[in-house]
Amino acid sequence: MSHIENIFICLAAPMIISMLCLKGTKKGRMIFLFAGVTACFFSSYITTYIARMSFLDDTAATIEIAPFVEEIIKFIPLLYYLLVYTPNKSEIPERVLMTSVGFATFENVCYLITNGSDSFFHLMIRGFGTGAMHVVCGTIVSAGVIWLWGNRWLQVAGIIGLLAAAITYHGVYNLLVAQTGIPALIGFLIPMLTTLAVVLIIEIRLMRRKASNDSEKYQDPT
């Protein structure tokens, strides 16, 4: 049994046990966390298979194949959730976040096992960078799903376009972090800065909405 299978079993087993014990929204979060780990597990096999069939080395596969395969596979749990359960729009971002976190966690653990932990600083940067990158790519697609929720045909076209954007973002990240020195550092920082910008935008919008609601209540006390 390979290392990746051992890692998957060790991570998946406690998640499966917790899914049997939890109920409601907590169980839903754990299911999507498990879905993210599983998606990463299968993505690694598919990427490796395509790379061997195309006679590509690991670096070329990481840049040219992995972004496409990973973003497609990572989207499947959300697609199934949308088609089968028709959830409320407010539930989508959290489900995407848990899937992205599960995917990034499995990927980082595999990287740690394969490459060791000689540089703690590098592991910290990679851990946060990879996690932020997967969250950003998931957010790109989920935002499109929410925005185009009411129009099925436009939703299909929009999701394809946003998947292409997520794949491109992912590919640029992989290209940069495959380098050394400053290019790699820039690659790790890009998703972290993007995540920070998105969080700030959300916080500002929430603060403005709250201020607007407070203003309306003050003007109309009845």
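1. Helix α1 passes helix α5 in a right-handed crossing (right-handed if the near helix is turned clockwise from the far one by less than a right angle, left-handed if anticlockwise). By class, this contact has eight nonpolar residues, one polar and no charged ones. Ala, Val, Leu, Ile, Met, Phe, Trp, Tyr, Cys and Pro count as nonpolar; Asp, Glu, Lys and Arg count as charged; the others, Gly among them, are polar.

2. A word on the model. It is predicted: local features need pLDDT of at least 70, side-chain atom pairs count only at pLDDT 80 or more, and totals for chains, interfaces and linings use all residues. Residues are numbered from 1 along each chain as its sequence is written, and side-chain values use heavy atoms, with hydrogens and water left out.

3. Overall make-up. The chain has eight helices and zero strands. Helices are DSSP runs of H or I with at least four residues, strands are runs of E with at least two, and numbering starts from the N terminus. Of the 222 residues, 37% count as buried (under 20% relative accessible area; exposed is over 50%, partly exposed in between, with a 1.4 Å probe and protein chains only).

4. Contacts along the chain. Among contacts with a separation of 6 or more, 68% join residues 24 or more positions apart. Contact means heavy atoms within 4.5 Å.

5. Back to α1 and α5. Two packed helices are described by the angle between their axes and the distance between the axes. The axes of α1 (residues 3–21) and α5 (residues 92–115) come within 10 Å and cross at roughly 135°. Axes are lines fitted to C-alpha atoms, for helices over the stretch in contact; angles run from 0 to 180 degrees between N-to-C directions. The pair is therefore oblique. Under 35 degrees counts as roughly parallel, over 145 as roughly antiparallel, 65 to 115 as roughly perpendicular, and the rest as oblique. On the α1 side, H3, I4, I7, F8 and L11 meet F106, V109, C110 and I113 of α5.

6. L11 deserves a look. It lies in α1. L11 is partly exposed, at 22% relative accessible area. Beyond residues up to four places away in sequence, L11 touches F106 and V109. Its C-alpha is 9.8 Å from that of T38, 27 residues apart along the chain.

7. α1 against α2. These axes also come within 10 Å, crossing at roughly 165°. The two helices are therefore roughly antiparallel. The crossing is left-handed. Its residues divide into 13 nonpolar, three polar and two charged. Among the α1 residues in the contact are I4, F8 and M15; α2 residues include M30, F34 and Y45.

8. F55 sits between α2 (24–53) and α3 (58–64). Its phi is near 60°, a positive value in a residue other than glycine. F55 counts as exposed, at 76% relative accessibility.

9. S100 in α5. At 1% relative accessibility, S100 counts as buried. Leaving aside neighbours within four places in sequence, S100 is in contact with K74, H134, V135 and G138.

10. Y169 in α7 (residues 152–177). Excluding residues up to four places away, Y169 touches M133, V136, C137, I190, P191 and T194. Y169 and M133 are 36 residues apart in sequence, yet 8.3 Å apart from C-alpha to C-alpha.
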